[in-house]
Amino acid sequence: MSTESISDRREHIRSISVTSLAALLGVAAALASMSITGDAATLDAAASDLRALMLVAGAILAQFILFDFTSIYGEDEFGAKHYLFIVFMTFSFWFVTWGILLTTGATL
């Protein structure tokens with residue numbers, strides 16, 4: 001097995017783990033947002049609750065800390081592209097999941 005294929009496999013595993021963590025934390029933040037705003041009288045009141053936005057911001061920051069602590073990127077540069085990808089994926093999963101939960105009237 002050549003060094004190039006080992007490097008490609010490591011890169012693939014790293015990208016899968018980063019994407020999975022962003023997706024899971026986005027969904028977890030949506031579930032937590034729903035449990036916090038579940039007692040709101042209307043959808044407008046729930047959607048304008050700032051605590052839900054703070055939850056997703058906390059999930060994003062937790063990922064940055066986790067990636068820094070675990071050195072998942074190793075010697076590679078963790079640049080602006082990586083930060084934007086994590087923010088976009090986490091926010092997107094949170095937004096879609098929480099939107100579905102709010103419009104269906106689900107309770108947790």
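Q: Where is Gln63 found?
A: Gln63 is found in helix H3, where a helix is a DSSP run of H or I with at least four residues, a strand is a run of E with at least two, and both are numbered from the N terminus. Before we go on, this is a predicted model, in which local features need pLDDT of at least 70 and side-chain atom pairs count only at pLDDT 80 or more, while totals for chains, interfaces and linings use all residues. Residues are numbered from 1 along each chain as its sequence is written, and side-chain values use heavy atoms, with hydrogens and water left out.

Q: OK, and is Gln63 buried or exposed?
A: Gln63 counts as buried, because its relative accessibility is 0%. Buried means under 20% relative accessible area, exposed means over 50%, and partly exposed is in between, with a 1.4 Å probe and protein chains only.

Q: Which residues is Gln63 in contact with?
A: Leaving aside neighbours within four places in sequence, Gln63 is in contact with Leu21, Ala22, Leu25, Ile86 and Thr90; contact here means heavy atoms within 4.5 Å.

Q: Let's step back. How many helices and strands are in the protein chain?
A: The protein chain has 4 helices and 0 strands, so that the order from the N terminus on reads α-α-α-α, by the DSSP runs described above. Buried residues make up 27% of its 108 residues. Among contacts between residues at least 6 apart in sequence, 78% join residues at least 24 apart.

Q: Which residues touch the most other members of the largest nonpolar core?
A: They are Ala29, Met34, Val56, Ile86, Trp94, Trp98 and Leu102, out of 16 residues in that core. A nonpolar core is a set of buried Ala, Val, Leu, Ile, Met, Phe, Trp, Tyr and Cys residues joined through side-chain atoms within 4.5 Å. The elements that give two or more residues to this core are helix H1 (3–37), H3 and H4, and the largest share, 6 residues, comes from H3.

Q: What does Met34 touch?
A: Not counting residues up to four places away in sequence, Met34 touches Trp98, Leu101, Leu102, Ala106 and Leu108.

Q: Which residues of H4 are buried?
A: In H4 the buried residues are Ile86, Met89, Thr90, Trp94, Thr97, Trp98, Leu101 and Leu102.

Q: What span should H4 have, and how far apart are its end C-alpha atoms?
A: The 25 residues of H4 should span 36 Å at 1.5 Å a residue, and its end C-alpha atoms are 36 Å apart, which agrees. The expected span is 1.5 Å times one less than the number of residues in the helix. H4 is followed by Gly105, whose phi is positive, near 75°.

Q: Changing topic, which residues form the nonpolar patch on the surface?
A: That patch is formed by Leu50, Leu53, Met54, Phe91, Phe95, Val96 and Ile100, which together have about 690 Å² of accessible area. Helix H3 (50–70) and helix H4 (80–104) are the elements that give two or more residues to the patch, and H4 gives the most, with 4 residues. Patches are made of residues with over 30% relative accessible area and no salt bridge, with like charges joined within 9 Å and nonpolar side chains (Val, Leu, Ile, Met, Phe, Trp, Tyr) within 5 Å. Accessible areas come from the Shrake-Rupley method with a 1.4 Å probe, and for residues only the protein chains shown count as cover.

Q: And is Phe95 buried or exposed?
A: Phe95 counts as exposed, because its relative accessibility is 53%. Ile100, also a member of the patch, is partly exposed at 48%. Phe95 and Val27 are 68 residues apart in sequence and 8.7 Å apart in space, C-alpha to C-alpha.

Q: Last topic: how many salt bridges does the structure hold?
A: The structure holds 2 salt bridges, a salt bridge being a side-chain nitrogen of Lys or Arg within 4 Å of a carboxyl oxygen of Asp or Glu. Glu11 forms one with Arg14, with the closest N and O atoms 2.2 Å apart, and both residues lie in helix H1, 3 residues apart, about one turn of the helix. Arg51 and Asp49 also meet in a salt bridge, at 2.8 Å from N to O.
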